Amino acid sequence: MMLAMPGCVAGRGWALAPDSNPALDSAQAGGRIGGGARMALEGELAALMAATQGGDAGAYRALLKACLPIVSAIARAQGVRGEAVDDVVQDTLMTVHRARASYDPARPFMPWLRAITQRRAIDRLRRSGRRPREVHDPLAYEAEADPGPEPGQGLEARDRAAALARAVASLPDGQRQAVEHLGLRELSLDETAALTGRSKGALKVNLHRALKALRASLMQERR
Amino acid sequence: MADLARHERLVEDLAGSLEPVRPLQAPALRAALWLGAALLIGLVLASRIDTSGFMLRMGVPDLALAALGAVLTAVGAAVAAFATSVPGRSRAWALLPLPPLALWIGASGFGCLRDWIAPGTGPLHPQEVAGCFSFLVCVSVPLSVLIVVMLRRACPLRPNLTAALGGLAAAAAAAALLMPFHPHDATATDLLIHAVAVVGVIGLNGLAGGRLLGRGVGNG
């Protein structure tokens, strides 16, 4: 799967194909992405970064979102596990923001991003390595819980997410918006009211009704 | 599972605070700017050069080679410092100043050897020692400050390495600028003073500069 050519969507700024990120995930870290696709991706990210340096917030948003799975994959390839991957993603995005002037638009983007991510991953691993662990005690070492996900947890989570998405999609518009913005995106009431044009009171009522409806439909599905 | 909500909030915050930036110039060009500042210091001091004595000393092969080594070390270390301050550039840039550094140290050491084989200059006067030392430090400090300020504008992911290279560049530039004012051949004492000053400048840059450079990019 390839990224769509970045372009300026009327009134909404830069956009990448919404389903493109999973393709970048392990492919980038494992180096399995095809040569043509890599060149296309490279060119697109470099174009977004160049637009970012010019102050285009839409391009920047699209760039950072496209970078999320790439950064996660590079961090995992460096040996970062569990929640620490998210911390590396956050540290990397912050560094990308501060260091954006150091990117040379005439050069490829990926080596620049990879170098920052690898350094932030190493920093994170060093910090976690300083925490005391009872590695001298074989029993304690064996008994230490693996912070990573259980086998099959990803499949279950995906099934649950699909069921939830179906249930949310079946809600009336007002209730669906309330769940999406307040529940899933964790926006505040004020932000959601500004986005949807509905009053805060209406949003509260819609959220309450939506949760009730979701509970009922998900319980029914489980049976 | 990835904390997408937290990442999206950060993306929105960063996009909201975005301001246009001008991409930095190429490392070699930035190094040239810094070397230009070092040259400016040399021009300011040019009126105090004993030209005939300097030309005479440059006729001695090991002194000329030591001067060439110091100049090339300053150039190589400055280019390496600016190259390593940019993410994605090869770490091999850090090796660039090593050949001229070997020339500088080797030629200076040969000068000492020549002095032992054919003694004639004798040990340096303490006042001369203090003069050389203070010259090296006084020239190194502003050059170090300038290079740290310039390097902070990039993103040194290995701040200690970049700062040490910057320190080497400053120390070598100071040593090269000292040569026209140095009224004698290299001696063991002389070389020791150089070594102490150079290592001191590199070490201080590595310690203080590394922290400054690391802070500059939010070294987590």
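Helices (H or I, at least four residues) and strands (E, at least two) are DSSP runs, numbered from the N terminus. Before you click, know that this is a predicted model, where local features need pLDDT of at least 70 and side-chain atom pairs count only at pLDDT 80 or more, while totals for chains, interfaces and linings use all residues. Residues are numbered from 1 along each chain as its sequence is written, and chains are lettered from A and ligands numbered from 1 in the order in which they are written.

**Stop 1: chain B**

Select chain B and follow it from the N terminus: the elements run α-α-α-α-α-α-α-α. That is eight helices and zero strands. Now think about contacts (C-beta atoms, placed from the backbone, within 7 Å). Among those in chain B between residues at least 6 apart in sequence, 87% join residues at least 24 apart.

**Stop 2: two helices of chain B**

Next, pick residues 27-45 and 61-84 of chain B, which are helix 2 and helix 4. They pack at an angle of about 135°, with their axes 8 Å apart (axes are lines fitted to C-alpha atoms, for helices over the stretch in contact, and angles run from 0 to 180 degrees between N-to-C directions). That angle makes helix 2 of chain B oblique to helix 4 of chain B (under 35 degrees is roughly parallel, over 145 roughly antiparallel, 65 to 115 roughly perpendicular, and the rest oblique). Show the side chains where they meet: on helix 2 you'll find Trp34(B) and Leu35(B), among others, and on helix 4 the list includes Val79(B) and Phe82(B). The residues of this contact divide into 12 nonpolar, no polar and one charged (Ala, Val, Leu, Ile, Met, Phe, Trp, Tyr, Cys and Pro count as nonpolar, Asp, Glu, Lys and Arg as charged, and the others, Gly among them, as polar).

**Stop 3: Met150(B)**

Jump to Met150(B), which sits in helix 6 (residues 126-152) of chain B. Met150(B) counts as buried because it has 20 C-beta neighbours inside 10 Å. Leaving out residues up to four places away in sequence, Met150(B) touches Arg30(B) and Trp34(B).

**Stop 4: chain A**

Switch to chain A, which has 10 helices and two strands. Its order from the N terminus is β-β-α-α-α-α-α-α-α-α-α-α. Here, buried residues make up 31% of the 223 residues.

**Stop 5: where the chains meet**

Show both chains: the contact takes 37 residues from chain A and 28 residues from chain B. Helix 4 of chain A gives the most to the chain A side, with nine residues. That side divides into 16 nonpolar, nine polar and 12 charged residues. While you're at helix 4 of chain A, look for its buried residues, including Asp87(A), Val88(A) and Leu93(A).

Finally, select helix 3 of chain A and helix 1 (residues 4-16) of chain B, whose axes come within 9 Å and cross at roughly 150°. These two helices are therefore roughly antiparallel to each other. Among the residues that meet are Tyr60(A) and Leu64(A) from helix 3 of chain A, and His7(B) and Val11(B) from helix 1 of chain B.

How values were computed. Two residues are in contact if their C-beta atoms, placed from the backbone, lie within 7 Å. A residue is buried if 20 or more other C-beta atoms lie within 10 Å of its own, exposed if 12 or fewer, and partly exposed in between; C-beta atoms are placed from the backbone.
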